[in-house]
Amino acid sequence: GACVWAEDVKAGYMSRVMVTKQDTISGKDLGWLFAERKPGPSVVVRMDALMDPDSLEQLKNIESVIHELWEREATDVWLTTCSDATGSGYLESAYFMNHQLPVRADLWSMTAIRMKRAGFRVWALVPALNLTWEWVKHPEWRLAYAQAGHDWPFCLSPDVPAAMTAAQDFMNDLAVYAPIDGVVFDTDARLGE
């Protein structure tokens, strides 16, 4: 308690202590030290837009997006995990290490860490049913496009256990290799109204 601290101070040193919201000093609440951040908008950041063969340009792209997010007063970033270079929904590669599909560039973790250091919460924007790499290998797992009711032609059926296992494997790799604050499922999780 206080007596020990007073003796420590008289002896010329002070023990380290962890300060938390629940602590008080002289009966005063320390909550002001831990001001809650006012919630701001969540912004989707497409990794394809940050990607550049020149690593210096890539860093400039990331820093530019961080400044734009500050200007928008964003608090959360939804960072895509897979490359859709053609814009068709065909996911050809990932931006993090995994065992399912090729890695276009191991850029996700570095981008997420830079954004976290800039004060943002970083969420992985992941496909739920659009596992294109499995859609190509296993036509029998496909959800018929006419049944899908949306613009994602590469969806797997949630009724096929092997397809759901493939999705779980992808999520396991994400959990192991990427520093995330949470997961947001992309619009391919929606099968209709």
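Student: In the loop between which strands is E92 found?

Tutor: Please keep in mind that this model is predicted. E92 is found in the loop between β5 and β6 (93–94).

Student: Is E92 buried, partly exposed or exposed?

Tutor: E92 has a relative accessible area of 37%, and is therefore partly exposed.

Student: Which residues does E92 touch, leaving out those up to four places away in sequence?

Tutor: E92 touches S83, A85, L101 and P102. Sequence distance and spatial distance should be read separately: E92 and L131 are 39 residues apart in sequence, and their C-alpha atoms are 9.4 Å apart in space.

Student: How should I think about a nonpolar core?

Tutor: In soluble globular proteins, nonpolar side chains tend to be buried together. In this model the largest nonpolar core has 40 residues, and those with the most contacts inside it are V45, L69, L79, W108, M115 and F120. Among the elements that give two or more residues to this core are β3 (42–45), α3 (55–71), β4 (76–80) and α4 (108–117). The largest share, five residues, comes from α7.

Student: With which residues is M115 in contact, leaving aside its neighbours within four places in sequence?

Tutor: M115 is in contact with V45, V65, I66, L69, V77, F120 and V122.

Student: How does one read the two sides of a helix?

Tutor: An α-helix has 3.6 residues a turn, so residues three or four places apart point the same way. In α7 the buried residues are A163, A166, A167, F170, D173 and L174. Seen down the axis of α7, these buried residues fall within an arc of 120°, so they line one face of the helix. The face turned away from the buried side of α7 carries the exposed residues P161, Q168, A175 and V176.

Student: Against which elements do the buried residues of α7 pack?

Tutor: They pack against β5 (82–83), β7, α5 and β8 (182–185). In β8, G182 and V184 form a covered face, whereas V183 and F185 form an uncovered one.

Student: How many bridges join β7 to β8?

Tutor: Four bridges join these strands, β7 and β8, which run parallel. V126 stands opposite F185 in β8.

Student: How many disulfides are counted?

Tutor: A disulfide is a covalent bond between the sulfur atoms of two cysteines. Here the count comes to zero disulfides. C82 is buried, with a relative accessible area of 8%, and C155 is buried, with a relative accessible area of 1%.

Technical notes: Residues are numbered from 1 along each chain as its sequence is written. This is a predicted model: local features need pLDDT of at least 70, side-chain atom pairs count only at pLDDT 80 or more; totals for chains, interfaces and linings use all residues. Side-chain values use heavy atoms; hydrogens and water are left out. A disulfide is a pair of cysteine sulfur atoms within 2.5 Å. Buried means under 20% relative accessible area, exposed over 50%, partly exposed in between (1.4 Å probe, protein chains only). A nonpolar core is a set of buried Ala, Val, Leu, Ile, Met, Phe, Trp, Tyr and Cys residues joined through side-chain atoms within 4.5 Å. Contact means heavy atoms within 4.5 Å. The arc is that of the directions from the helix axis to the C-beta atoms. Two strands pair if DSSP finds at least two bridges between them.
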